[in-house]
Amino acid sequence: MEAITQDDVFLILKLIEESKYDELHLEIGDLKLDVKKQGRGPSVADTQSFAEESAVPSPPVVFPADAAERDLSDSAKAGMDENDLIPIKASMLGTFYRAPKPGAPPFVKVGQDITADDTVCIVEVMKLFNTVKAGVNGRIARICAEDGEMVEYQQTLFLVEGADDLDEKKRKSA
Amino acid sequence: MGISRVFVANRGEIALRVIRACRDLGIETVVAVSEADRESSPAREADRAVCIGPPQAINSYLKVETIIAAALGSGADAIHPGYGFLAEQPDLVDACEEHNLIFIGPRADHIRTMGDKLLAREMVASLGIPVIPGSAMVATGDEAQEAAERLGFPVLLKAAAGGGGKGIKTVTAAADLSDVFDEASCEARAAFGDDRIFIERYIPNARHIEVQIMGDSRGTVVHFFERDCSIQRRYQKMLEEAPSPAVNEGLRKEICDAAVRIARHIGYENAGTVEFVFDQKECRFYFLEMNTRIQVEHPITEMITGVDLVKEQIGIASGNPLSVAQDDITMSGHAIECRINAESPHRAFHPSPGRIDRWKPPEGEGIRIDSHCYPGYVVSPYYDSLLAKLVTWGTDRSDAIKKMHHALEHFIVSGIDTTVPFHQYILHNREYLKGDIHTRWIEDTLLREYGQ
């Protein structure tokens with residue numbers, strides 16, 4: 001594959017600037033490029049420096065459908081074994097909300113202890129607000145969906161370190 | 001009002017058909033998939049697949065709110081419903097309007113009018129187009145008896161909310177009527193939430209002939225000639241052809257004009273099919289019903305006219321005029337479609353779900369395959385059994401039949417039972433070859449010979 005030149009990048013930026021889309025997600029071989037208009041995500045300067053390298057680290061993914069991919073990169077960072085964590089999954093497709101209403105504190109944060117009956121989030125379908133219970137005792141290890149974005153049926157919303165694992169850890173450290 | 005991303009609210013071959021049409025038009029696609037369809041061909045070919053729910057259609061493909069939420073959440077600006085599922089659900093059209101999504105199909109009120117078979121009959125009769133002799137709504141067994149005696153037995157009891165061959169019962173003798181009436185209204189209430197029943201005279205030796213029409217937002221309505229769908233089993237079409245071997249030029253003009261008049265009268269937009277019953281003895285046709293969607297058998301019309309009907313649907317929904325004028329629509333040659341289903345013909349067409357081991361559809365000039373199957377694909381028990389639509393085109397009917405013989409012979413599929421051998425059986429039959437058949441021919445004649 002031919003390397004993308006700076007001119008190409010300027011051309012791409014110009015295209016998105018003039019288009020009605022807010023964001024662009026481009027993948028050519030190893031190169032991944034994400035551009036967002038409203039200043040979220042990588043800035044123009046970031047993108048330029050991407051162009052000068054041949055392989056570029058993947059910036060934050062744009063689509064929530066890529067949640068699985070994101071889980072992997074996050075767990076690599078945290079050095080945790082994915083398999084030990086228990087997923088809390090969406091029981092329906094809808095919009096994921098971490099808090100009961102805009103501006104309110106979220107139901108749960110990373111590191112927070114939860115019991116099975118605790119509400120962890122809301123999934124909204126056409127103004128119908130469905131509260132999601134944890135269904136498991138433990139500690140929130142990771143939040144896998146973006147607030148206000150669509151989550152699919154059976155998409156992992158949270159990963160939980162199970163209470164049993166936590167107990168074992170305590171025993172080991174003691 | 002351009003469309004840049006279409007949400008495909010369907011599965012199987014029709015989802016793939018819509019995805020490919022969009023791709024040709026430079027339009028992005030997002031396809032709804034149930035948990036059972038995550039690995040399906042449409043999921044792979046669409047730009048994105050969104051899992052909308054569990055395998056049962058009632059909790060996935062039939063949920064209006066979920067479809068709307070998924071379309072909005074994935075940034076689509078239009079929804080294509082395919083056929084079946086929500087294609088003729090006016091609530092989906094209303095919800096699209098409410099959320100500024102374009103519904104690629106007709107208006108909600110047209111779906112409602114034509115979905116009510118009694119209302120549709122009345123409307124069509126008011127245009128002076130013949131409808132099958134029948135009754136208004138019959139509310140009691142006595143009313144049914146009176147209407148049936150006036151019409152003469154045998155009669156058909158039909159659910160007003162039925163259609164597509166569903167909610168129909170035949171009564172041959174007066175003594176059975178009251179029991180069948182009670183049964184029919186109970187079943188109609190359970191199936192459609194509407195127990196209104198009406199009665200029609202049964203027309204023996206009839207053919208099912210339908211006219212493809214299309215209307216745009218400028219009020220232009222055109223037809224794409226007729227299809228003959230008389231090869232049916234229990235009101236379900238098995239094999240269709242275009243043009244009809246039983247229709248001459250004069251009759252063709254008459255039924256096509258009638259279909260266009262109906263659509264024009266209501267200002268119909270997008271693709272629709274006006275179905276007629278053709279009484280071969282009297283050489284008369286009667287309006288049966290109108291379907292407000294793209295139909296399974298649309299490819300045979302595409303083969304003889306050269307017009308891509310799905311692309312026309314998308315163009316019309318975008319606000320464009322029809323790309324063809326009536327005078328430009330001509331027909332050439334003959335096309336046949338065999339519906340290849342996962343069913344066992346030797347076991348009374350029992351469904352045959354399971355894993356497809358080998359799958360190699362025939363190829364060649366004049367052969368078209370619309371299918372979502374591949375080797376290793378698991379035919380799920382949750383959905384209808386259509387595996388592929390095998391279509392052949394020939395310079396005339398016998399050429400199309402010859403190609404179909406060849407195509408069926410070279411259709412390699414194993415692991416599940418299919419209707420391929422039964423189609424071969426039909427195509428070898430002398431009456432079929434002569435075109436001398438009717439809508440009950442499969443059940444009354446061919447299946448007896450087949451050993452059912």
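Because the model is predicted, local features need pLDDT of at least 70 and side-chain atom pairs count only at pLDDT 80 or more, whereas totals for chains, interfaces and linings use all residues. Residues are numbered from 1 along each chain as its sequence is written, chains are lettered from A and ligands numbered from 1 in the order in which they are written, and side-chain values use heavy atoms, with hydrogens and water left out.

**Chain B as a whole**

- The secondary structure of chain B consists of 15 helices and 23 strands, where helices (H or I, at least four residues) and strands (E, at least two) are DSSP runs numbered from the N terminus.
- The C-alpha trace of chain B spans about 60 × 50 × 45 Å along its principal axes.
- Of the 452 residues in chain B, 59% count as buried, a term that stands for under 20% relative accessible area, with exposed meaning over 50% and partly exposed in between (1.4 Å probe, protein chains only).
- Among the contacts in chain B with a separation of 6 or more, 66% are between residues 24 or more positions apart, a contact being heavy atoms within 4.5 Å.

**Nonpolar cores**

- In the largest nonpolar core, which has 66 residues, B:I3, B:F7, B:I67 and B:I79 touch the most other members; such a core is a set of buried Ala, Val, Leu, Ile, Met, Phe, Trp, Tyr and Cys residues joined through side-chain atoms within 4.5 Å.
- If residues up to four places away in sequence are not counted, B:I3 touches B:I27, B:D77, B:A78, B:I102, B:I104, B:I314, B:A317 and B:S318.
- A second, separate core has 35 residues, including B:L387, B:M404, B:V420 and B:W441.

**Chain A as a whole**

- Chain A has four helices and ten strands, and their order along the sequence is α-β-β-α-α-β-β-β-β-β-β-β-β-α.
- Of the 174 residues in chain A, 36% are buried, and residues 24 or more positions apart account for 57% of its contacts with a separation of 6 or more.
- The accessible surface of chain A is about 10,400 Å², with 52% of it belonging to carbon and sulfur atoms.

**Backbone features in chain B**

- Most residues other than glycine have a negative phi, and most peptide bonds are trans.
- The peptide bond from B:F153 to B:P154 is cis, with omega near -5°, and B:P154 sits in the loop between α7 (141-151) and β7 (155-163).
- A cis peptide bond also joins B:A242 and B:P243, with omega about -5°; B:P243 is found in the loop between β12 (236-242) and α9 (249-266).
- B:N205, although not a glycine, has a positive phi of about 50°; B:N205 is in the loop between β9 (197-201) and β10 (206-215) and is partly exposed, with a relative accessible area of 35%.
- B:F225, a residue other than glycine, has a positive phi near 70°; B:F225 lies in strand β11 (residues 221-233) and is buried, with a relative accessible area of 12%.

- Helix α10 (residues 298-305) is mostly covered, since seven of its eight residues are buried, among them B:H298, B:I300 and B:I304; B:G306, which follows the helix, has a positive phi near 75°.
- B:A175, in the loop between β8 (166-171) and α8 (177-192), is exposed, with a relative accessible area of 72%, and its C-alpha is 9.3 Å from that of B:Q145, 30 residues apart in sequence.
- B:G364, in the loop between β19 (358-360) and β20 (367-371), is partly exposed at 42% relative accessible area.

Conventions:
Areas by Shrake-Rupley, 256 points an atom, 1.4 Å probe, with all protein chains shown as cover.
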